[in-house]
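Hi,

Here is the structure I promised to pass on.

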Amino acid sequence: MRPGGRVDRRSDVVGRAAADRCGRLRLVGADTQAPPDPRILIVTIDEKSLQSIGRWPWSRRTHAAFLDRLAAAGNTTVALDLLLVERDPDAAADAALADSIRNHGRVILPVVPASLVDAPGLTAATSLPPITQPAVLAHADVDPDADGVVRRIHLRAGLGAPSLPTLGLALIQARAGVADEQNAPSGPADAQAWIRADEVLIPFAGPAGTYARVSYIDVLDGRVPSAQLRGKYIIAGATAAGLGARFATPTTLASRLPLTGAELHANVLQTLLDGRAITAVATPWALAAAMLWLVAGVALLRRPRAHQVLTGSVILLGLLGLCTWLGAQFGHIWVAPAPALLALSAVYPIWSWRQLSWHMGALFRERGQSQATLELVHDGIITLDGAGRARYLNSAAEAITGRPLAQALGRPLDEITGLKPVDAGNTLPQSSDGDLLQIATHTLTAPDGTERAVRIARHPLPQDGGSVVAITDVTANLTLTRQIRFQATHDSLTGLPNRAILADRLGQTLAAARRRRQSAAVLFIDLDGFKKVNDALGHRAGDLMLREVGKRLESRIRAEDTAARWGGDEFVLVLSQLDDEHAAIGLADGVVELLEQPFDLDGQPAFISASIGISLFPRDGDDGDALLLRADTAMYRAKRNGGRGVGVFSHEVGAWNKARLNLENDLRATLQRGPLDVWYQPIVDLHQGRLAHIEALIRWQHPQNGMQTPAQFLALAESSGLIHDIGTATLFTACADAQQLARQGFPVGVSVNVSPQQLSRGELPTRLEEALAASGLPADRLTLEVTENGIVSDSERAAQCIATLRGLGVRIALDDFGTGYSSLSLLRDFPIDILKIDRSFVPNPQHRAGDLTIAHAIIGMARNLDKTVIAEGVETAWQSRALLIGGCHLQQGFLHSPPVPVGDIPAIARRVALAGAPTLIAGY
């Protein structure tokens, strides 16, 4: 709104400009469905994206990468139909997303009205301020009609003042370079109402699935060509089960498949682009027209002849229809006929009551003709005498009530229909001399026990005290409305409450616990082994298991407790009225035992277990968010301890998690400044007296804790996903350093350790080719070291990756041999070139005597299989001689050299070369 309350009409300018670019306006009716606009593309956050990226919510870096992809495609205008209200655990991720929004330049974020939990009124729900500052804000408010169907949209809305354009209009304005004077998520500080303005009717393009769509993960991974994205209006929103709301529209009533939020906004966008929006006349003008209609009707009633009244009514109705059609067809203006029809319906009974006696008498005199007419009516018609007993039912009433006319005659209406109110306080309409027409909605119970939702209209017959009752079956409409309401608050797969209703019930439980001074508990449940069941038996079996898990959880709780699905394979239980934490622990133990019982998935038995975290009110927190977070923390601690157990939150766990989070943040900050340091430990060839190889080992110079070895941070890097960036940077650095040593006259091979996650991800061969090409290092001088556990954790994918790497010419070393599965099938099935004996099996006279036998057996087996063998952890001259006697002349350890920077390698190479093979052997 402009100052003074006038509506800013620049939205009309943008809409007309878009219409001019599309060509002349087409004259369409309200029921005409236009073909989908090819300029509109929906990007879906679907089950495929959740399985690839992980459970919701995702890191803001993921959304930043997504926007960078769209910016690179060129000339895209993007609406993210997401509310990013919580801070990312990664402090820099929100800033990264804000930078991507700023760099893109045309990104729209939604604002919606939200109810406050502990205070009256509304608030404007929007994303975090650092994210919204560089973006364009638009309201995503949807206002369904009373029957739950969306037919209209408000071009502007806001808290206290309609200052925000709707999301579709904001997309057009962003593309046209038009900016609002006001683009704030809320109005005055004391505003209590959400104000809507500029209402238009929307001719929808079609049912769900009409618009072109691609998966979020496909765009993120670059599988969608830039040409398919370039120049498009892109609306990104959730379609996965349990995420986002769905809306019924006139085009979805037949298919019973409501539209997602993104599809609804796409329809609004196309309507504005094509100039097909229909403006509804404001209520004051419609009321004024109704008054004129009433005056005209009263004027006609002053005529004594009935045919003049009827002719005038027909003329008025014809003029009403003509005006409505002309306004919608040529001016895109909708004049609702309801006020005029109501005025006419108010005029008609005034005239008709004089004629009612004669017409009702004629109706009974010509009984045969009247009954034939009523049989053609689809609604059930029941006539009652003055005592309220039935004296006539048409065939539609017989079908609806399930009672033939012979059984119903002479019985009261309540006995015939078995009516009961749908809503409390909604009573059966009674005949009254003052009310000519009364309407109410009830549930009708047939003799066979089936129930229907019916709308009852009762009209009195003053001449004999009887009445006419019309019964309309509205079961289908009410069922659809209830389904839409249920889907908005419950998980569509399990039928359990979703996050939205969980937050409300958790708030109610905590409020009751405060009043009663009782305890409450939150149980966060994660299924162990569900992914294996899903991968092995398919998603249908996984869905069956999740539904059965929901049923089992509901069977364990009381009526006052709540079971909800959090998302994926995670569930939440809210327990009220607890005496102490032992009751919660006992129930959690029972849930673990219950979920370990076998599941029958279409005849296929399957087994899972569960990890459960518990937080208690008020000990662990005073609000729902804190209790959920701490129960989640306790669950992950139980999962890290092997799963299949129950963990109770403690502040020591919270402190450990905070320290771990701080360490992860420090590691991320270090990686943003540059790669970690790479040191190298020499591998000496004692037969030839030369430096044969070097192994790359990463070091992290922590700003407070000093030099950190991989053992202190590598597990953290793997769990946080940073291992991919660290591994790639180490590979590039090691190849470059080895090639630089060769240029200095020291051509040595280099080994780089590979994480199991790098093998399973599948992009390692590409990074390897890039590193070799960038450094110029020959492939045969590079060795990649893998562990036994890393191979067997996903042997099929690891075999494919190793075969590809081996095909590029590099060598493969099996690191820490003897500590894992030590299966000879690994040496048979995988192209292994080198075996590295783990330091725990290097012989030591002060420890187990069997180590020497094992080490010699490994050396002999490797030589028989034509494998090179290297011994790690050689620290004493005795160990070196014992290995030499067994035939292992390639050795690595502190006896020869600790890990050193690359600059120290030439000096070590010269020292080894000067000593020579005989001296080396004799010296040890």
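R499 lies over the face of W566, 4.0 Å from the ring centre. I count a charge as over a ring if NZ of Lys or CZ of Arg is within 6 Å of the ring centre and within 35 degrees of the ring normal. R175 does this too, over the face of Y233 at 4.3 Å from the ring centre.

Before going on: this is a predicted model, where local features need pLDDT of at least 70 and side-chain atom pairs count only at pLDDT 80 or more, while totals for chains, interfaces and linings use all residues. Residues are numbered from 1 along each chain as its sequence is written, and side-chain values use heavy atoms, with hydrogens and water left out.

Now the rings. There are four aromatic pairs in the structure (rings of Phe, Tyr and Trp, the last by its six-membered ring, with centres within 6.5 Å; planes under 30 degrees apart are stacked, over 60 edge-to-face, the rest tilted). F66 and Y216 are stacked, at 4.3 Å centre to centre with 15° between the planes. This pair links distant parts of the chain: F66 is in helix α3 (residues 60-73) and Y216 in helix α7 (residues 216-220), 150 residues apart. Helices (H or I, at least four residues) and strands (E, at least two) are DSSP runs, numbered from the N terminus. F66 is buried, at 0% relative accessible area, and Y216 is also buried at 0% (buried is under 20%, exposed over 50%, partly exposed in between; 1.4 Å probe, protein chains only). Ring pairs join W56, W58, F66 and Y216 into a cluster.

Back to W566: with F524 it makes an edge-to-face pair, 5.6 Å centre to centre and 65° between the planes. F524 sits in strand β21 (residues 519-528) and W566 in strand β22 (residues 562-567), 42 residues apart. F524 is buried at 1%, and W566 is buried at 18%.

One loop to look at is between β28 (677-685) and β29 (690-702), where you'll find L686. L686 counts as buried because its relative accessibility is 0%. Its C-alpha is 9.1 Å from that of V912, 226 residues away along the chain.

Last, the helices. α27 (residues 764-775) and α29 (residues 795-807) pack at about 20°, axes 9 Å apart (axes are lines fitted to C-alpha atoms, for helices over the stretch in contact, with angles from 0 to 180 degrees between N-to-C directions). The contact (heavy atoms within 4.5 Å) is made by L764, P765 and L768 of α27 with C801, T804 and L805 of α29.

Cheers
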